Every structure is written in C-alpha cells, then in structure tokens.
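User: I am new to this structure. Please take a close look at one part of it and tell me what surrounds that part.

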Amino acid sequence: MVSKIILYYLTMLRPVIMVVLMLGFIYTFKVFDIVYVMTGVGPINSTEVLSTLAFRYSFTDFQFNLGAATANILFVILLLISLVYLRMIKKDEVI
C-alpha cells in the first residue's frame, strides 16, 4: 500500500524532479565565480573545475588553444546531458 502511494507520487512529480536535476547539474558546471573568488582555485589547484581550468589555460598560462578546447569539452558535456534530458521529457509528453 505504501509503495503504491510512493510510486504514484514519484510518477506525478517526475517532471518536476527532472527539471530540478537538470538545472542543478547546469549550475554545478557554472560554479566558476564561487570557486575563483572564494579559494582562488585553492592550494595546488585542489578546487579546480573545468571552467577554472579553461580560464587558467587561457588567461594565466596564455595557452589559448587548451583553454578553448577545455571550454568546448564543457559545452559538449552539457549539450549531451541536455539532449538526454530533452529526450526523457519528450517521452513523457501526452498528446
């Protein structure tokens, strides 16, 4: 009985859960400003993420090719996850 109720609520909340997960994932990848301001990428690059790595390559090391490649990798990862998300949402649409 309880499992049926939980399954019902999860089924009804699935679109909301999907949107929250997708936005949370995108915001996680966009954490450049917080990491850079709070830790300055930390001691020995311990808090470095892809966005700060691209920034460091481009504007600190002046290796613009590596910075652009890192930014493109970040873009492709987010694009793939967004496409998977859109496919899952499209599957749930009712006509």
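Analyst: Leaving out neighbours within four places in sequence, Gly67 is in contact with Ala54, Tyr57 and Ser58. Contact here means heavy atoms within 4.5 Å. Gly67 sits in helix α4, residues 64-92. Helices (H or I, at least four residues) and strands (E, at least two) are DSSP runs, numbered from the N terminus. With a relative accessible area of 3%, Gly67 is buried. The cut-offs are these: buried is under 20% relative accessible area, exposed is over 50%, and partly exposed lies in between, with a 1.4 Å probe and protein chains only. Arg56 is 11 residues from Gly67 in sequence, and the two are 7.4 Å apart in space, C-alpha to C-alpha.

A word on the basis. This is a predicted model, in which local features need pLDDT of at least 70, side-chain atom pairs count only at pLDDT 80 or more, and totals for chains, interfaces and linings use all residues. Residues are numbered from 1 along each chain as its sequence is written, and side-chain values use heavy atoms, with hydrogens and water left out.

Next, helix α3, residues 50-60, which holds Ser51. Ser51 is buried, at 14% relative accessibility. Beyond residues up to four places away in sequence, Ser51 touches Phe29, Phe32 and Leu74.

Now the aromatic rings. The structure holds seven aromatic pairs. Rings of Phe, Tyr and Trp (its six-membered ring) pair if their centres lie within 6.5 Å; planes under 30 degrees apart count as stacked, over 60 as edge-to-face and the rest as tilted. One of the pairs is Tyr36 with Phe55, edge-to-face, at 5.1 Å centre to centre and 70° between the planes. Tyr36 belongs to helix α2 (residues 32-39) and Phe55 to helix α3, so this pair ties together parts 19 residues apart in sequence. Tyr36 is partly exposed, at 39% relative accessibility. Phe55 is also partly exposed, at 26%. Phe32, Tyr36, Phe55 and Phe59 form one aromatic cluster.

Finally, the whole chain. It has four helices and zero strands. Its radius of gyration is 19 Å, well over the 12 Å that the globule rule gives for 95 residues, so the chain is more spread out than a compact globule. That radius is taken over C-alpha atoms, and the rule is 2.2 Å times the number of residues to the power 0.38. The C-alpha atoms fill a box of roughly 60 × 30 × 15 Å along the principal axes. Of the 95 residues, 17% count as buried.
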